[in-house]
Amino acid sequence: MALFEDADNFADIFRGGLPYYLLLALPILIICSANPVLASSEFTVQRMSQFDVNGVSYGCRASALSLEAKSLYTWSTSRHCVVAKFQDVTIDQFKEIRQKAGGLVLLLPQNISSMNSEDKEHLNLLEQAMMSQSISVPVYFSEHNNELEKIVNDISRNAASSNKQKNARSDSALNEVFNSISANGYQIIVTGASHANNKNSKISIVQGELAPTKLNKANEEQLNSKLPLIIVAGHLNTFGLYNESPLNADAAVLMALADLFSKMHNTPNAAPKYRLLFLLSESGPLLNFQGVKKWLDENVQLQYDDIFSITGSIIIRGKHTDILEENVDFVLCLDTVTQALNADEDHQLFMHVSKPPKENTPTNAFFKHLKKAGQKYRNVTIEGVHKKINLADQQLAWQHERFSIKRLSAFTLSSLKSPKHPTRTTIFKDNEEEILERAQLKAKIIAEALARYIYGDNANAEGSDDLEVFAGTMQISPKLIKSYLNLQSALNNNDLKNAFEKYLKNVKLIYEKPDAREPDFMLYEGAYATLNVYRVKPAVFDLFLTILICAYLFSVYFVIQYFPNMYQVFCKLSLQTPESSPTHYNHIERNKSKTN
């Protein structure tokens, strides 16, 4: 009772020392002010490819990302990062995201081979739309990951639940506020990314030769450089939508041809009276075949200039290496000889030319052999396609156009009829076994046609249809093609150069670097990055928490300030009548004891 009788002094203690009564609020403050991050996850992602060709920018031009994650249907401003599955995004949605959103994170499909043809076509069309323009917002891709898929599903589920509640008439405004407060959100942060230009950008071009040998005056073997020349050219895809090496079926077919004809050249009395030059550059249609351009520029000019003495006399005369003087029959270019997607529909082979070949020309003769071989092996349709070179276009359609511009007879063999087909530069691939089977078939057709042309078989002669050059021990090995399907850049390892040196002679590896002032191409850094996903409460939760804490502190302050008054009221309500009260009873007992 003494403590309560001194209630005024007790209140004075709290009234005069504000920090003391805040100790009463410390436990709840600790609970309420806990870290709002509920969970965090880390993923390795790849930034969308970024490159320049002839001064035109393509791909993603940004890398920094620290935004709130939203679904395809709930984002609204540049403060939101859209997180979705790649196959769920439409081309129209991507165009809107590119213009208004703050970033884009896409989860790649898990099993593309199980998709139907329509879904695969959608992937190709979206991929082509993304690669055909410059994108100012950061775009990242993640390989399929179960944890990230759960996050994407959770974001989409929260969005669907929110939309459902908005459309339900029975929900009250109070329920909507409560749902907004109790909902969970995600924060997207990407670290370790950069989009600076790569100062060491370069493209490798490797070449090797097959030719019969002859004895020189010193009885040493040397290649017979006076024989007609056939050039077999291809390109190695080193990147696509992101920095992942696509399936290089063209390079695998080229290496299979090099293997077959190297065996023919090394077989006694079977060496053809032709030279074969194999050329593989690491720049395809995305980089406008810059590698072939570099190779042609070097081989149509002097290899080195005349060197003069101080008196003006010639010490070393410049060596001419003009490819136009090499007696080139034709240039055979390989470009998407088998499709990476929808391989089951890959049953055609098109021969693209810039000028229709005339009768009795090497190109026309090879075309006839090609049609015969295609008809014999699984009845593959061979069709010629004529397209003139448009020098006004920034991008060339096919690789053979680079050679045609230099007045070399050239053509491209492809399973695609149009150079703008979305499958041509796709990063996605179907079942590898199906692709391997198709690549082996196309390599067989091309090899047989080329062998018939080299060895002088008459395509119109009787019994020519039954001729099979590469059979038995000489047949194409699926294991060989498979070993080169995932061939990497010469900048990563020496596998490419070693493969050429295994089958060919006079192997050379050169590099094309962009000009410092007016570069024809430019590559950029920042291919890989780390994606951090934090599960957080929304901003409205912070507001609600602030209001709740303020209300609690005000209540504690009010109770302490008015504690005496509250105590008096409490006492009045708890007191009984004087006769029945404990104080009155004690007073009577004391009086009785005094009387006795």
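Trainee: Where is the place of N360?

Mentor: In this predicted model, N360 belongs to the loop between β18 and α11 (362-376).

Trainee: Why is N360 called exposed?

Mentor: The relative accessible area of N360 is 74%. Exposed means over 50%, so the value of 74% places N360 in that class.

Trainee: Is T336 buried or exposed, and how do you know?

Mentor: T336 has 7% relative accessibility. The limit for buried is under 20%, and T336 therefore counts as buried. Its place is in the loop between β17 and β18.

Trainee: What makes D335 a buried residue?

Mentor: D335 has a relative accessible area of 1%. Since buried means under 20%, D335 is buried. D335 lies in the loop between β17 (328-334) and β18 (348-353).

Trainee: Which residues is D335 in contact with, leaving aside its neighbours within four places in sequence?

Mentor: The contacts of D335 are H235, D250, F289, W398, T412, L413, S414, S415 and R424. Each of these pairs has heavy atoms within 4.5 Å.

Trainee: Why is L416 called buried?

Mentor: A relative accessible area of 1% is given for L416, and the cut-off is under 20%, so L416 is buried. L416 is placed in the loop between β20 and α13. Beyond its neighbours within four places in sequence, L416 is in contact with T336, Q339, F350, H352, W398, H421 and R424.

Trainee: How many residues apart along the chain are L416 and Q348, and what separates their C-alpha atoms?

Mentor: L416 and Q348 are 68 residues apart along the chain, and their C-alpha atoms are separated by 8.0 Å. For the protein chain, among contacts between residues at least 6 apart in sequence, 78% join residues at least 24 apart.

Trainee: Is D92 buried or exposed, and what decides it?

Mentor: The relative accessible area of D92 is 59%. This is to be set against the limit of over 50%, and D92 is therefore exposed. D92 is in helix α5 (residues 91-100). D92 and L126, 34 residues apart in sequence, have a C-alpha to C-alpha separation of 9.5 Å.

Trainee: Which residues of helix α10 are buried?

Mentor: In helix α10 (residues 290-299), the buried residues are Q290, G291, V292, W295, L296 and N299. Among the elements that cover them are β10 (203-210), β13 (229-235), β14 (275-281) and α12 (400-405). Of the 596 residues of the protein chain, 44% count as buried.

Trainee: What makes a set of residues a nonpolar core, and how many residues has the largest?

Mentor: The members are buried nonpolar residues joined through side-chain atoms within 4.5 Å. The largest such core has 66 residues, and F261, F278, F366 and F500 have the most contacts inside it. Helix α13 (residues 432-454) supplies the largest share of this core, 13 residues. Another core lies apart from it, with 37 residues, among them L72, F86, V137 and I427. In soluble globular proteins, nonpolar side chains tend to be buried together.

Trainee: What does F278 touch, not counting residues up to four places away in sequence?

Mentor: F278 touches V206, Q207, G208, L210, V232, L254, L257, A258, F500 and L504.

Trainee: How many cavities of 30 Å³ or more does a search of the whole structure find?

Mentor: The search finds 1 cavity. The largest cavity has a volume of about 260 Å³. Of its 26 lining residues, N237, P246, L247, R424 and T425 are the closest to its centre. The lining divides into 10 nonpolar, 12 polar and 4 charged residues.

Trainee: Where in the protein chain is confidence lowest, and where is it highest?

Mentor: Confidence is lowest in strand β15 (residues 307-308), at a mean pLDDT of 40, and highest in strand β20 (residues 410-414), at 97. Over residues 302-317, pLDDT stays under 50, and the model has 22 contacts beyond four places in sequence for them. The protein chain averages a pLDDT of 82, with 77% of the residues scoring at least 70.

Conventions: Residues are numbered from 1 along each chain as its sequence is written. This is a predicted model: local features need pLDDT of at least 70, side-chain atom pairs count only at pLDDT 80 or more; totals for chains, interfaces and linings use all residues. Side-chain values use heavy atoms; hydrogens and water are left out. Buried means under 20% relative accessible area, exposed over 50%, partly exposed in between (1.4 Å probe, protein chains only). Helices (H or I, at least four residues) and strands (E, at least two) are DSSP runs, numbered from the N terminus. On a 1 Å grid over the protein atoms alone, a cavity is a set of points where a 1.4 Å probe fits but cannot get out, and a pocket is an open set with protein on both sides within 12 Å along at least five of seven lines; lining residues have an atom within 4 Å of a point. Grid points are joined across faces, edges and corners, and a volume is the space filled by probe spheres set on the points. Ala, Val, Leu, Ile, Met, Phe, Trp, Tyr, Cys and Pro count as nonpolar, Asp, Glu, Lys and Arg as charged, and the others, Gly among them, as polar. pLDDT is the predictor's confidence in each residue, from 0 to 100.
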